[in-house]
Amino acid sequence: MKNKRVDGIYIFSPFLRLFHWIMAAAVLMLFLTGRYIANPFFHGSIGVDPTISVGNLMSMETIRFWHFFWAYVLVASFILRIYGWVMYKGDRLLPKFWTKLYWTGLSEVLQHYLFLKSDHQPYLRNSLARTTYLIWYIVTFVLMATGFAMYGMINPASWTAKFFSPVISLLGNEYNVHVVHNYAAWFFPLFLTFHTYFAYRSDMMHGDGEISSIFSGIKYLPGKPADAEDLK
Amino acid sequence: METRMTMWDSFSKRGLSRRTFLKTCTALTAMMGLPLTDRKKVVEAATKQPLPVVVWLHGHECTGCDEAFIRSQSPLASDLVLNMISLEYSDTLAAAAGEPFEKHLETVIKKYDGKFILAVEGGVPLADQGISCMVGGKPFVDVLKEVAKHAAAIIEYGSCAAWGGVQAAKPNPTGSVSVSKVISGKPIIKVPGCPPIPEVMTGVVMHLALFGQIPPLDAQGRPKQFYGNRIHDTCYRRSFFDAGMFAERFDDAGSKAGWCLYKLGCRGPEAYNACGNLRWWNGLSYPIQSGSPCFACGSDGFWDNGPFHERLPNVVLPNTLTNADKIGAGLTVAAMAGVTVHAVISSVQKARHAKNESEHDEE
């Protein structure tokens, strides 16, 4: 194999990188606590006083508290995401369905992943990844909207309940909101599986520093990326 | 024009004391969810306001709401019907029947045009020109439209009138819908439940009658004072939920000890009603107290969220029943297996690619 000289391309702003890790932690905690809330698979036993809910680390009360805590953290972390989005082009790598490059890139990367093509040209972020991340954000917003719709109804006269009431009307009744929240949450382990695998794979196959870019913001692409325009 | 009696007139005519009257007014104030300081207003209204004329129609339903209503304990249903409202038409409670009775309905809606309260019990079937529910030889939808035209306000009594009811369950062969889907331009109050708590109906009727205005409603059109809280948030078993103590089966020790019914499919976290505060039959009990999970009988579409004793609804896949958690876990395992296989093939591909390139370089 030849030793190609590659230049690092600085893509991701510190705000995006910080957001990424806060979001990763928040979503992981939300999923785990959410699993217990949806299906409390361990619980107290005969002889346990129900007052253990107060201050007990693994009671439903505490687990729900952490669920709401991390939900707020996730929402707050979007401040970083939005700031990065506004200030840095590298944080704006969303799918551009209207360009030819999006569709050719999608086809090329799919062919590569299906082993029909031995390699694909370098991208800042390929079309498939861009699309997946967009879906990720959509699912996250669905989870936020349904989550706060349920949370707000603890006090139906509250501002939160009023603001999110259209979510409940849209889904027909509040039970469906729980169901949608539960289904949407399962997108997370699926996404985590594919996301970590393909990031790792990209690093292994192309040596493009995909993993280190999560920390440094720099990718080392073998050649000029096809979507280099997005940084200009 | 004849003058109608006030509640006070009605009480004095029956020889009931002022004291009894005031006691009733106090009870009513509480019933309507008003603070006790508003008792003066209630007494004043009950002394001056003529008894409200109520027309009670029955549509596509099981009459269970009536059965519940006649068991109203405080005030007694008989008191309400005979002393507090002027119930001019009710198919099930009236002594009269047949053509003269239907004729009476026509007379009443013209006589009290724009002044009476219309209580509707039952859904409105629209399929096949509404022939699934006939009242007095006419489709119910026609009767309803005619009477509603003359009403001052409409109360949708029960989940059938409020949301379409059990007969609106998929695939809804009779095309049953709520009253508000058929009638517009009138103030409508939803009093859902299957059946609703009788005292809630009493409270709503009296609020309309005494203050001449509809009670404060929530986003879905239900009176806030009765539907303003989750069953879950008013549940006396809530401490068991917070502690993570759940009945797993109807015959286990947790069930016997009165633990939370969440895992037995309790819809308390999604249901809005006054069961937790008012309870039933003069505060005797309510489903959760009797050890049966709430199934949100006051919510729109509760009939399609089966099975009632499971936390999550079943999803019907060919030859099997499953739910969100099983599907999610299954997909995740499949994805993990998928990427593992993909990784193995990828490493082979990479080795080949490298080999090709080095051969290419040598040429």
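Trainee: What makes up the area that chain A and chain B bury between them?

Mentor: They bury about 4,400 Å² between them, 59% of it on carbon and sulfur atoms. Buried area is the accessible area (1.4 Å probe) that two parts lose on being put together, summed over both. Mind you, this is a predicted model: local features need pLDDT of at least 70, side-chain atom pairs count only at pLDDT 80 or more, and totals for chains, interfaces and linings use all residues. Residues are numbered from 1 along each chain as its sequence is written, chains are lettered from A and ligands numbered from 1 in the order written, and side-chain values use heavy atoms, with hydrogens and water left out.

Trainee: How many residues does each chain bring to the contact?

Mentor: Chain A brings 53 and chain B 51, where contact means heavy atoms within 4.5 Å.

Trainee: Why is the pair A:Glu174 and B:Arg230 called a salt bridge?

Mentor: The rule wants a side-chain nitrogen of Lys or Arg within 4 Å of a carboxyl oxygen of Asp or Glu. The closest N and O atoms here are 2.8 Å apart, so the pair qualifies.

Trainee: Which helix gives the most to chain A's side of the contact?

Mentor: H7(A), with 9 residues. Helix H7 spans 187-206; helices are DSSP runs (H or I, at least four residues), numbered from the N terminus.

Notes: Helix = DSSP H or I, 4+ residues; strand = E, 2+ residues; numbered from the N terminus.
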